[in-house]
Amino acid sequence: MNGERERVLTAGVALLERAIDYTLGSLRVVTPPMLCRATPCAGWTMERLLAHVTDSLRALNEAATGTVTLGTKALDHLRTARRLDRHGNPALLVRDDATELLGTWAATLTGELVSIGDRHLTSPMVAAVGAIEIAVHGWDIATACGEPRPIPLLLADELLDLAHLFVTPADRPHRFAAPRPVPVDAPADDRLLAYLGRDPAAAGRRPYPNGHCT
């Protein structure tokens, strides 16, 4: 691997690590009674959001090896864990997956293409896209818990630049809702959230009401 490719990969991995560190802090405030609570992701309960984050983390873990297998079984996995332990908190399982992912990408030395279905992306691109999704869902989780945790401004600024590159109209509304208007002088974290379809002011409101676990 030449020096430039190594530098780019290292930067991508470092960005992903910072996004995961931020989201780990959000996961620490989740308790079992919050699993049916609604989230900023329209129509999603906390339980479903945690399952989605688990899928994303596992896909990123696979990406470090060069191939991602498409598919989702995380919700069944989290519910099985809850049945085995009535007082269990699936957020702890997500934290374990996130911690494992940190170790996997920290040891990644390849700059080869990653196969995701029929698409092929470079490792730094995968890390960058993963950082965007993991960080914004960390904000979703904290907001649903009623614990405002702004995305750090420096991280948000870097993710915003990448979001403009990687989040396209084809990603809406399947992955992200339509952008929301914000003042031109809004801080980077508000502009990132708004670009990804979130209402930045939601973090200052009361916790989301209970939803219905399915």
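This is a predicted model: local features need pLDDT of at least 70, side-chain atom pairs count only at pLDDT 80 or more; totals for chains, interfaces and linings use all residues.
Colleague: Why is Ala188 called buried?

Modeller: The relative accessible area of Ala188 is 8%, and buried means under 20%, so Ala188, at 8%, is called buried. Ala188 has its place in helix H7, and, leaving aside neighbours within four places in sequence, it is in contact with Leu153, Ala156, Asp157 and Leu160. The C-alpha atoms of Ala188 and Leu159 are separated by 9.1 Å, although the two residues are 29 apart along the chain.

Colleague: What makes helix H7 mostly covered?

Modeller: Helix H7 spans residues 188-195, and six of its eight residues are buried; these are Ala188, Asp189, Leu192, Leu193, Ala194 and Tyr195. They pack against helix H5 (123-144) and helix H6 (153-166). After H7 comes Gly197, which has a positive phi, near 85 degrees.

Colleague: How do you know that H6 and H7 come together, and which residues make the contact?

Modeller: Two packed helices are described by the angle between their axes and the distance between the axes. Here the axes of H6 and H7 come within 8 Å and cross at roughly 35 degrees, and H6 passes H7 in a left-handed crossing. On the side of H6 the contact is made by Leu153, Ala156, Asp157, Leu159, Leu160, Ala163 and His164, and on the side of H7 by Ala188, Asp189, Arg191, Leu192 and Tyr195. These residues divide into eight nonpolar, one polar and three charged.

Colleague: What makes up the largest nonpolar core, and which of its residues touch the most other members?

Modeller: There are 55 residues in this core, and Leu50, Trp105, Ile141 and Leu196 touch the most other members. The elements that give two or more residues to the core are helix H1 (3-27), helix H2 (46-63), helix H4 (90-106), H5, H6 and H7, with the largest share, 11 residues, coming from H5. In soluble globular proteins, nonpolar side chains tend to be buried together. For Leu196, leaving aside neighbours within four places in sequence, the contacts are Ile132, Val136, Ala163, Val167, Arg172, Phe176 and Ala177.

Colleague: Turning to charges, why is the pair of Arg18 and Glu158 called a salt bridge?

Modeller: A salt bridge needs a side-chain nitrogen of Lys or Arg within 4 Å of a carboxyl oxygen of Asp or Glu; the side chains of Arg18 and Glu158 meet at 3.0 Å, N to O, so the pair is called a salt bridge. The pair links distant parts of the chain, with Arg18 in helix H1 and Glu158 in helix H6, 140 residues apart. A search of the whole structure finds five salt bridges.

Colleague: What makes Glu133, Asp171 and Arg175 a network?

Modeller: The side chains of Glu133 and Arg175 meet in a salt bridge at 3.6 Å, N to O. Glu133 lies in helix H5 and Arg175 in the loop between H6 and H7, so this pair ties together parts that are 42 residues apart in sequence. Arg175 also meets Asp171 in a salt bridge, at 3.3 Å, N to O. Both distances are within the 4 Å cut-off, so both pairs count, and Arg175 takes part in each of them; the three residues are thus linked in a network of salt bridges.

Conventions
Residues are numbered from 1 along each chain as its sequence is written. Side-chain values use heavy atoms; hydrogens and water are left out. Buried means under 20% relative accessible area, exposed over 50%, partly exposed in between (1.4 Å probe, protein chains only). Helices (H or I, at least four residues) and strands (E, at least two) are DSSP runs, numbered from the N terminus. Contact means heavy atoms within 4.5 Å. A nonpolar core is a set of buried Ala, Val, Leu, Ile, Met, Phe, Trp, Tyr and Cys residues joined through side-chain atoms within 4.5 Å. Axes are lines fitted to C-alpha atoms, for helices over the stretch in contact, and angles run from 0 to 180 degrees between N-to-C directions. A crossing is left-handed if the near helix is turned anticlockwise from the far one by less than a right angle, and right-handed if clockwise. Ala, Val, Leu, Ile, Met, Phe, Trp, Tyr, Cys and Pro count as nonpolar, Asp, Glu, Lys and Arg as charged, and the others, Gly among them, as polar.
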